[in-house]
There are 2 protein chains.
Amino acid sequence: MVQENRKKYILKALNEREFISVNEFVGQFSVSPMTIRRDLSELEDKGFLIRKYGGAVKSEAVGNMFSFNSRVEKNREQKEKICRTASGFVEDGDIIFVDCGSTLFRLSRYIIKKNRLKVITNSLPVVSELINYSNIKVTFIGGDIVSDRKAAYGSTAEKLIGEYHADKAFIGIDGISVNNGLSSYDEKEARITLRMAGNADKVFLLCDSSKIEKDSFYRFAPVSLIDVLITEQEVDSKIISNYKEKNITIITK
Amino acid sequence: MVQENRKKYILKALNEREFISVNEFVGQFSVSPMTIRRDLSELEDKGFLIRKYGGAVKSEAVGNMFSFNSRVEKNREQKEKICRTASGFVEDGDIIFVDCGSTLFRLSRYIIKKNRLKVITNSLPVVSELINYSNIKVTFIGGDIVSDRKAAYGSTAEKLIGEYHADKAFIGIDGISVNNGLSSYDEKEARITLRMAGNADKVFLLCDSSKIEKDSFYRFAPVSLIDVLITEQEVDSKIISNYKEKNITIITK
DNA sequence: GTTGAATCGATCATAAACGAACACAATCCG
DNA sequence: CGGATTGTGTTCGTTTATGATCGATTCAAC
C-alpha cells in the first residue's frame, strides 16, 4: 500500500477508536515501526492527531472555547512549521513572552515538553492550551478582553507587561520590511507586541514569508527591535543579507 | 491496555462514582498498583481529580474549557438557584466584580441579557462564558494562573483589583458566621475576594446554606464586609435577625 | 495512644518505544 | 545517463512506561 492510502487508513481507524497504536499498523501494512511513526508525525503536524507514547489519539481541537477555528484556517501548515522551528529556541527554565495571534497560538503545543518554563501571555488560547501542564507556569497579562482576538489589551495590559522581564519574546506582526520596520493592522495589538519585545533579552519574530518585505498600515518599530526572524521557507538571499546588515538572523528550518 | 485508554477509563469511572480505588483498576487493567498511582498522580496534576488514601475523588474544579467535564456537579441545582436570584441584582450599565469558584461561575449565564455591563473577574471560566457576548465588556484580572482553580492569583492580581472600582461585587466563600466573619479554605483566594469586596459599593455574598454559620480555617474578614447574603433556602429566623443586626440582608429567592 | 495492615512514594532495573543519522532502492528530471 | 528527491529500513543511543523493592506514612481497630 502506498503512503497516501496508509495515512487515510490511519485517520479512518482513529475516527472509530480513541487510541491507535503503532504496532497494529506495522502488522497491517507490513512496514517498519519507523515508517508508521513518520506517518503519525506528519499527521500530527497537520493537526489531525496527537501522538502519544506507543501510538496516537484524536486531536482535541473541539471543545476548547478559546481555540481558533483550525479547520478553515489558512496557511496552517506553514504556521505549524514556523512554530516547530521556534520551539527549538525555547530552553528549560526559560521565561518567555508569547504574543497573541493565530500563529503564536500554535507555539503552545510545541513547548509543553519543556521543564520549568514560565510563559507570560495576553492570549487566552495560549493559556487554555498550557493550563493543564504542571511543568509550565502561566502568567496572564490582564486587561480588557477583546472577543474576536481572544486576548487582553488596553492600557492596563500594556502597563502590566512592564512589570515583567523575560529571557525571550515570541511575537507576531502583519508586515515587516527593512526600510519601514514592523507594522501591524491593529494599533492596540502593536503596542502590546512592542512592550513584550522591549522587556525581553532576545526577540523572535514568527511570521510567514508572505509578510516579509510587506508593510501593513500602522508602523510601530524599526526592524532592530527583533533579533531573529523565523519563517517557513527559504527567502531571497538578497533579503537575507539586508537583514543580516541589521544584525537580524533569518531562520527557515 | 495502553496508557491513554487507561486514563480515559479512570476519568469515566470517576464521573459515575464519588470515589475510585487504586485496587479496582489494578484488577481491571492487570497492571501494578504503582502504575495506577502514577496515573492518578498525573491526572491530579492536570486538575481532574484529587488523590486520597487508597484512590481518588472528584476534583471540585469547574471548567467549560475541557472536553470531559460533563460530570454531575455537587449541589448544582442549589447553585443555579442562588445565581438566578443574584442576577436579579445586576442592572443594565453596572460594573461588577465576579469572584472565582464553581458557584460564581454559574452567575455568567444569567447576566448575558443585561446591557452595557462591565464584568471584572479573575476567573477563566467566567471569561469564556461571557466572551462571545458583545453587550458585555469583560476585564480580566491578570496574574499567575492556578490550574486547578482556573483563575489568576498572586500579588499582581491583588494589586490590579485595586485599580478598579465596581458598583457591585459578587463573591464566594467557604464559611461565614456572625462571630468569626468570612472564612476560606484558601488564603490566596481569600485575598482576592477581600480586594474585590473592598473596591465595590455593594457586596453580595453567594453561598449555599451549608456554609452559613460554619467556619473554614482561614478567617479573613468580619461579616460587615458584605451587604447582602444570597442563599438557596430559608434560614432560621434567629440567624436572620443576627445578621440583620449587622445590617446584612439575607435573601433566599 | 498503640499496633498492625494497607498504602504510599522514592529508587532502581528492564523492556519497549522513540528519534536522529545513515543506507539503500526507486523514481523523477534535466 | 547522472544527480536529486523520495520513501523506507536499520542501527544505536536515549527516553518512557512499568514493575519490584523497601522504608515511611496513613488508617482503623483496639
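Start with the open sheet of nine strands, which runs in the order β8(A)-β7(A)-β6(B)-β5(B)-β4(B)-β9(B)-β12(B)-β14(B)-β15(B) with mixed pairing. Two strands pair if DSSP finds at least two bridges between them; strands are DSSP runs of E of at least two residues, helices are runs of H or I of at least four, and both are numbered from the N terminus. Select the two ends: β8 (151-153) of chain A and β15 (249-251) of chain B are the edge strands, each with a single partner, so one side of each has no neighbour in the sheet. Neighbouring strands here are turned by 30° against each other on average, direction ignored.

This is a predicted model, in which local features need pLDDT of at least 70, side-chain atom pairs count only at pLDDT 80 or more, and totals for chains, interfaces and linings use all residues. Residues are numbered from 1 along each chain as its sequence is written, chains are lettered from A and ligands numbered from 1 in the order in which they are written, and side-chain values use heavy atoms, with hydrogens and water left out.

Stay in the sheet and select β5 (residues 117-121) and β6 (residues 136-140) of chain B, which pair in the parallel sense over five bridges. Lys118(B) stands opposite Lys137(B) in β6(B).

Next, select the helices α1 and α2 in each chain. Two packed helices are described by the angle between their axes and the distance between the axes. In chain B, α1 (residues 3-16) packs on α2(B) at an angle of about 135°, with the axes 12 Å apart. Axes are lines fitted to C-alpha atoms, for helices over the stretch in contact, and angles run from 0 to 180 degrees between N-to-C directions. That makes α1(B) oblique to α2(B), given that angles under 35 degrees count as roughly parallel, over 145 as roughly antiparallel, 65 to 115 as roughly perpendicular and the rest as oblique.

Now show DNA strand C and the 19 residues around it, of which Asn23(A), Gly54(A), Arg51(B), Tyr53(B) and Gly54(B) come nearest. A residue is near a strand if one of its heavy atoms lies within 4 Å of it. Elements that each supply at least two residues to this surface include α2 (22-29) and β2 (49-52) of chain A, while α3(B) gives the most, with three. For polar contacts (pairs of N or O atoms within 3.5 Å), pick these:

- Asn23(A): a side-chain N or O atom is 2.7 Å from a phosphate oxygen of DNA strand C.
- Arg51(A): a polar side-chain atom lies 2.8 Å from a phosphate oxygen of DNA strand C.
- Gly54(B): a backbone N or O atom lies 2.5 Å from a phosphate oxygen of DNA strand C.

Finish at DNA strand D, which has 18 residues around it; Thr35(A), Arg38(A), Arg6(B), Thr35(B) and Arg38(B) come nearest. Sugar and phosphate make up 63% of the atoms of DNA strand D that come within 4 Å of the protein. Here α1 (3-16) and α3 of chain A, with α1 and α3 of chain B, each supply at least two residues.

- Arg6(A): a polar side-chain atom lies 2.7 Å from a phosphate oxygen of DNA strand D.
- Arg6(B): a polar side-chain atom lies 2.7 Å from a phosphate oxygen of DNA strand D.
- Arg38(B): a polar side-chain atom lies 2.6 Å from a base nitrogen of DNA strand D.

How values were computed:
A polar contact is a pair of N or O atoms within 3.5 Å; within protein, one must be able to donate a hydrogen and the other to accept it, and residues adjacent in sequence count only if both atoms are side-chain atoms.
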